[in-house]
Amino acid sequence: MWPDRRIIDLFKTEFPIVQAPMAGIMDAELVIAAAQGGALGSLPCAMITAEKAREQVNIIRQRVSAPVNMNFFCHTPVDADPAREAGWKVRLGAYYKELGIDPAAPISAANRAPFDEAMCAVVEELKPEVVSFHFGLPAAALVKRVKATGALVMSSATIVKEAIWLEENGADVIIAQGAEAGGHRGMFLTDNIAQQPGTFALVPQVVDAVKVPVIAAGGIADGRGIAAAFALGASGVQIGSAYLRCPESKVSAAARTALEQASDDATVITNVMTGRPARGVANRVMREVGPISPDAPAFPHAATALGPLKAAAEKLGKVDFTNLWAGQAVRMGREMPAAELTRSLAGGALARLGALGG
């Protein structure tokens, strides 16, 4: 039996497992499969339109009766800085030349938009059971509207101060995102990447600081990690990297190979890919330009100039300019259907918890 059932009771899922929303490499298919396995499926909505979000949720609802988590970014937008973007393009100029790309050709802007009125209206229409945010919470009026639909509100904290702020500002559940976690750091009250605590240190301190349930995230990819999270006081776990190689993910063949070959020390925290610190498997541009570069434009504008390079390299089967977001437990991922993986994770955790209890 699970030692803490608060997340199961809140989300009404079979297991206290949240499939992490991973923008750009997944859609409804992985959400459905994770939900069928007993987890809370999460749909990343930060890089899609309101119409696409509506379409995806409708697909999920047609396939499963399980609860759904819609996930959004809520960063404060920063206008593009033409001078800085021009300098960034110059910094990347050798790559443009190598791949035969005209640096003067028009480029589509990066498409990572914060939660707004239009997306709030979609939430009010679709009424997902859970709405999660990254980079804090949106404006209080929007949070109030989301909660009025009956949705539970969840967001990530990377330090205790952020967890306390989230609870005070309406979060029903807090994700304690350790430094091991893949993808963008959820930082919003700090910008000091050097001071980010790991999961093992962060989770018990967050648990002690807030009254709402805490979900552990970062470096958890098997039953042992889940059991450890519960031992630290967590009520559930959020797992992302372990699902990357499932057939339902949209990871490209070249990226799958890179993830499969990744070692325990393969990931780094970088700002080169988007302008905001995020953990991923190191690729060529991360190594040669970063991993942290003062030249990178503010989030998400660093991604704009990388777009043509990413597209050209991927046509050659290379991931030199591709976001390979993954956590430090990436090598523990497995190639199996997401529903089967979810049940394996839960079964492994219960067996380990039982052994510890005995």
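## Ala 313

Ala 313 is placed in helix H13, where helices (H or I, at least four residues) and strands (E, at least two) are DSSP runs numbered from the N terminus. At 2% relative accessibility, Ala 313 counts as buried; buried means under 20% relative accessible area, exposed over 50%, and partly exposed in between, computed with a 1.4 Å probe on protein chains only. Leaving aside neighbours within four places in sequence, Ala 313 is in contact with Leu 99, Lys 318 and Phe 321, contact meaning heavy atoms within 4.5 Å. The C-alpha atoms of Ala 313 and Ser 235 are separated by 42 Å, and the two residues are 78 residues apart along the chain.

## Basis of the model

This is a predicted model, in which local features need pLDDT of at least 70 and side-chain atom pairs count only at pLDDT 80 or more, whereas totals for chains, interfaces and linings use all residues. Residues are numbered from 1 along each chain as its sequence is written, and side-chain values use heavy atoms, with hydrogens and water left out.

## Overall form

The protein has 14 helices and 11 strands. Its radius of gyration is 20 Å, close to the 21 Å that the globule rule gives for 358 residues, so the protein is as compact as a globular protein of that length. The radius is taken over C-alpha atoms, and the globule rule is 2.2 Å times the number of residues to the power 0.38.

Taken along the principal axes, the C-alpha atoms fill a box of roughly 60 × 45 × 40 Å. Of the 358 residues in the protein, 55% are buried. Among contacts with a separation of 6 or more, 68% are between residues 24 or more positions apart.

Strand S3 (residues 68-73) is mostly covered, with 6 of its 6 residues buried. Val 68, Met 70 and Phe 72 point one way from S3, while Asn 69, Asn 71 and Phe 73 point the other way.

S3 pairs in the parallel sense with strand S2 (residues 41-44) over 4 bridges; two strands pair if DSSP finds at least two bridges between them. Within this pairing, Gly 41 has Val 68 in S3 as its bridge partner. S3 also pairs in the parallel sense with strand S4 (residues 130-134), over 5 bridges, and there Met 70 stands opposite Val 131 in S4.

## Helix H3

S2, helix H3 (residues 50-63) and S3 make a right-handed β-α-β unit. A crossover is right-handed if, with the strands pointing away from the viewer, the path from the first strand over the helix to the second runs clockwise. At 1.5 Å a residue, the 14 residues of H3 should span 20 Å, which agrees with the 20 Å between its end C-alpha atoms; the expected span is 1.5 Å times one less than the number of residues.

Ala 50, Ala 53, Gln 56, Val 57 and Ile 60 are buried in H3. They cover an arc of only 125 degrees around the axis, which puts them on the same side of H3; the arc is that of the directions from the helix axis to the C-beta atoms. What covers the buried residues of H3 includes helix H2 (28-36), S2, S3 and helix H6 (117-126). On the other side of H3, Glu 51, Gln 62 and Arg 63 are exposed.

## The antiparallel sheet

An open sheet is formed by 3 strands in the order S7-S11-S10, with antiparallel pairing. Strand S7 (183-184) and strand S10 (267-270) stand at the edges, each with a single partner strand, so one side of each is left without a neighbour in the sheet. S10 and strand S11 (residues 278-281) pair over 4 bridges, and the bridge partner of Thr 267 is Val 281 in S11.

## Backbone exceptions

Most residues other than glycine have a negative phi, and most peptide bonds are trans. A cis peptide bond joins Gly 290 and Pro 291, with omega about 10 degrees. The bond from Phe 299 to Pro 300 is also cis, with omega near -5 degrees. Pro 291 lies in the loop between helix H12 (284-289) and helix H13 (302-315), and Pro 300 lies in the loop between H12 and H13.

Lys 12 has a positive phi, near 60 degrees, and lies in the loop between helix H1 (6-11) and strand S1 (17-19). At 65% relative accessibility, Lys 12 counts as exposed. Lys 127 has a positive phi near 50 degrees and is placed in the loop between H6 and S4. With a relative accessible area of 47%, Lys 127 is partly exposed.
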